[in-house]
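The sequence and structure come first, followed by the points grouped by topic.

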Amino acid sequence: MKNLFKAVALLCVALGLQSAAMAEDKRKPDEAVAMVKRGAAYIKEVGVEKAMAEFNNPKGKFVDGSLYIFAYDMKGVNLASPNPKIVGRNMLGFKDPNGKETVKAYIAAANSPQGNGWVDFVWPHPQTKEMQQKSAYVEKVGDILIACGIYK
């Protein structure tokens with residue numbers, strides 16, 4: 001009987017984790033826009049260097065589950081990412097699995113007359129590691145761009 005209770009308890013925990021992951025996947029576009037707007041205000045408040053340090057902090061105030069700020073200069077050099085291996089690297093020629101040059105698309109959105117826009121691409125989900133459709137809101141702030149994406 002104890003084993004049955006343990007099995008039921010484990011099943012409940014597993015279903016709860018799956019529900020939490022599913023809820024996490026349902027992030028809304030306005031959440032990504034709000035994160036970018038907060039990031040832009042933060043850059044203006046503390047400057048680019050301090051802001052990038054905070055954006056690169058995995059436990060910082062600009063990381064909320066699958067929502068996080070990433071940033072590039074206008075030449076394609078990554079300034080902030082949850083993947084520390086690409087920070088400081090020129091990613092201009094990077095292509096997603098479908099061949100889309102994502103960094104070039106971010107720069108194009110940032111350089112649009114509005115100074116912002118959405119870019120669709122494929123990216124690994126941080127929790128599942130599976131490749132998924134993602135859409136990132138990009139905004140130009142001074143001479144850099146910052147972005148935040150949601151999984152579709």
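Of the 152 residues in the protein chain, 39% are buried, where buried means under 20% relative accessible area, exposed over 50% and partly exposed in between, with a 1.4 Å probe and protein chains only. The model is predicted: local features need pLDDT of at least 70, side-chain atom pairs count only at pLDDT 80 or more, and totals for chains, interfaces and linings use all residues. Residues are numbered from 1 along each chain as its sequence is written, and side-chain values use heavy atoms, with hydrogens and water left out.

**Overall fold and surface**

- The protein chain contains four helices and seven strands; these are DSSP runs numbered from the N terminus, helices being H or I with at least four residues and strands E with at least two.
- From the N terminus on, the order of elements is α-α-α-β-β-β-β-α-β-β-β.
- Among contacts with a separation of 6 or more, 50% join residues 24 or more positions apart, a contact being heavy atoms within 4.5 Å.

**Strand β6 and its partners**

- Strand β6 covers residues 131-141, and eight of its 11 residues are buried.
- Strand β5 (residues 116-124) pairs with β6 in the antiparallel sense over nine bridges; two strands pair if DSSP finds at least two bridges between them.
- Within this pairing, Asp 120 has Ser 135 of β6 as its bridge partner.
- Six residues lie between the strands of the β5 and β6 hairpin, in which Lys 129 takes a positive phi near 70°.
- Strand β7 (residues 144-151) also pairs with β6 in the antiparallel sense, over eight bridges, and Tyr 151 in β7 is the bridge partner of Lys 134.
- The hairpin of β6 and β7 has two residues between the strands, and Gly 142 in the turn has a positive phi of about 65°.

**Nonpolar cores**

- The largest nonpolar core has 20 residues, of which Ile 43, Met 52, Phe 55, Ile 69 and Ile 146 touch the most other members; such a core is a set of buried Ala, Val, Leu, Ile, Met, Phe, Trp, Tyr and Cys residues joined through side-chain atoms within 4.5 Å.
- At least two residues of this core come from each of α2 (29-46), α3 (48-55), β6 and β7, and α2 gives the most, with six residues.
- Apart from this core lies another, of 18 residues, among them Phe 70, Val 119, Val 138 and Tyr 151.
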